[in-house]
Amino acid sequence: MTGPEPARVSAGEAGRTIVACARRLWQAGLIAGADGNISVRVGDDLLVVTPRGMPKADLEAADLVLVSLAGDHRGGFRLPSSELDLHLRIYRERQDVGAVVHAHPPTATGFAVAGVGIPGDVLPESISLLGPVPVIPYATPGTLAVGDGIVPYLRGHGGVLLANHGAVTWGADLQLAQIRMESMEHAARILLVARSVGHVTPLTEAQVAELTRPGG
Ligand SMILES: [Zn+2]
């Protein structure tokens, strides 16, 4: 899923949207404690990212960190997220991506623990927003191997599940990346119910083709 160049936002605006996104993810139960990390691209070689180890519900704009695409510290008083490399890899590979969200949504992460992806032929909303969501092999959180695993899946997807870990979504802006994370968890909940009461009925190829897949 590729799209147009992301809209450029100021570091201040990025900070406000990241703080709001972190609270929303926490309130929705998609992260707990210091889980998860969020970033927004604010220039060709600059992004704003959440700090390492802080409870996301308590995050303030002053806690955020500015880093270059090479990972060099460019502003802020805290250390960047331990998953910074994962974010950098996505921005380097996808010029059209303006924001990345990593969370541990409980139902979708349950799918990831079971090694089961979210199919791309069942729920219209999930198909048009995300496409199929694959499970990528487990890698120790915070290591370069997480980024190595995700790079092959960056095109044709709006997000991935990380085996035994969580989920990552991206988009042209933070609103889209956040909606994709919420949508992934919602799709996982619906699929769980469908499988517990009966079998999952996929859409036909023609029905899937009728659903547009926006870029990003
Ligand atoms: Zn994580």
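Ala 103 stands opposite Ala 167 in strand E8. In this predicted model, that pair belongs to the antiparallel pairing of strand E5 (residues 99-103) with E8, which extends over 5 bridges. Strand E8 spans residues 166-171, and its pairing with E7 is likewise antiparallel, with 4 bridges joining the two. Within this second pairing, Leu 162 has Gly 166 of E8 as its bridge partner. The hairpin of E7 and E8 has 3 residues between the strands, and Asn 164 in this hairpin takes a positive phi near 55 degrees.

Strand E8 is mostly covered, with 6 of its 6 residues buried. In a regular strand the side chains alternate between the two faces of the sheet. For E8, both faces are covered: one side carries Gly 166, Val 168 and Trp 170, the other carries Ala 167, Thr 169 and Gly 171, and all of these residues are buried.

The sheet as a whole is open and consists of 8 strands in the order E4-E3-E2-E1-E5-E8-E7-E6, with mixed pairing. Its edges are strand E4 (73-75) and strand E6 (135-136); each has a single partner strand, so one side of each is left without a neighbour in the sheet. Strands of a sheet pair through backbone hydrogen bonds, either parallel or antiparallel. The pairing of E6 with strand E7 (residues 159-162) is parallel and comprises 2 bridges. In this pairing Val 135 stands opposite Leu 161 in E7.

A zinc ion is coordinated through the NE2 atoms of His 102, His 104 and His 165, at 2.0 to 2.1 Å. The spacing of these donor residues in sequence is H-x1-H-x60-H. His 104, at 22% relative accessibility, counts as partly exposed.

The largest pocket holds about 150 Å³ of space. Its lining is made up of 12 residues, and those nearest the centre of the pocket are Val 9, Thr 17, Asp 173, Leu 174 and Gln 175. Three elements, helix H1 (11-27), strand E1 (37-43) and helix H6 (174-197), each supply at least two residues of this lining. The largest share, 3 residues, comes from H1. By class, 6 of the lining residues are nonpolar, 3 are polar and 3 are charged.

Ser 68 lies in strand E3 (residues 65-68) and is buried, with a relative accessible area of 1%. Apart from neighbours within four places in sequence, Ser 68 is in contact with Asp 45, Leu 46, Leu 47, Arg 74 and Leu 88. Ser 183 is found in helix H6, one of the elements that supply at least two residues to the lining of the largest pocket. The relative accessible area of Ser 183 is 12%, and this residue is accordingly buried. With neighbours within four places in sequence again left aside, the contacts of Ser 183 are Glu 125, Ser 126, Leu 129 and Leu 130.

Conventions. Residues numbered from 1 in each chain as written. Predicted model: local features only at pLDDT ≥ 70, side-chain atom pairs only at ≥ 80, totals over all residues. Heavy atoms only, no water. Donors = N, O, S within 2.8 Å, 3.2 Å for Na, K, Ca; no water. Buried < 20%, exposed > 50% of the residue type's maximum accessible area, 1.4 Å probe, protein only. 1 Å grid on protein atoms, 1.4 Å probe; cavity = no way out; pocket = protein on both sides within 12 Å on 5 of 7 lines; lining within 4 Å. Points joined across faces, edges and corners; volume = space filled by probe spheres on them. Nonpolar A, V, L, I, M, F, W, Y, C, P; charged D, E, K, R; others polar. Contact = heavy atoms within 4.5 Å. Pairing = 2+ DSSP bridges.
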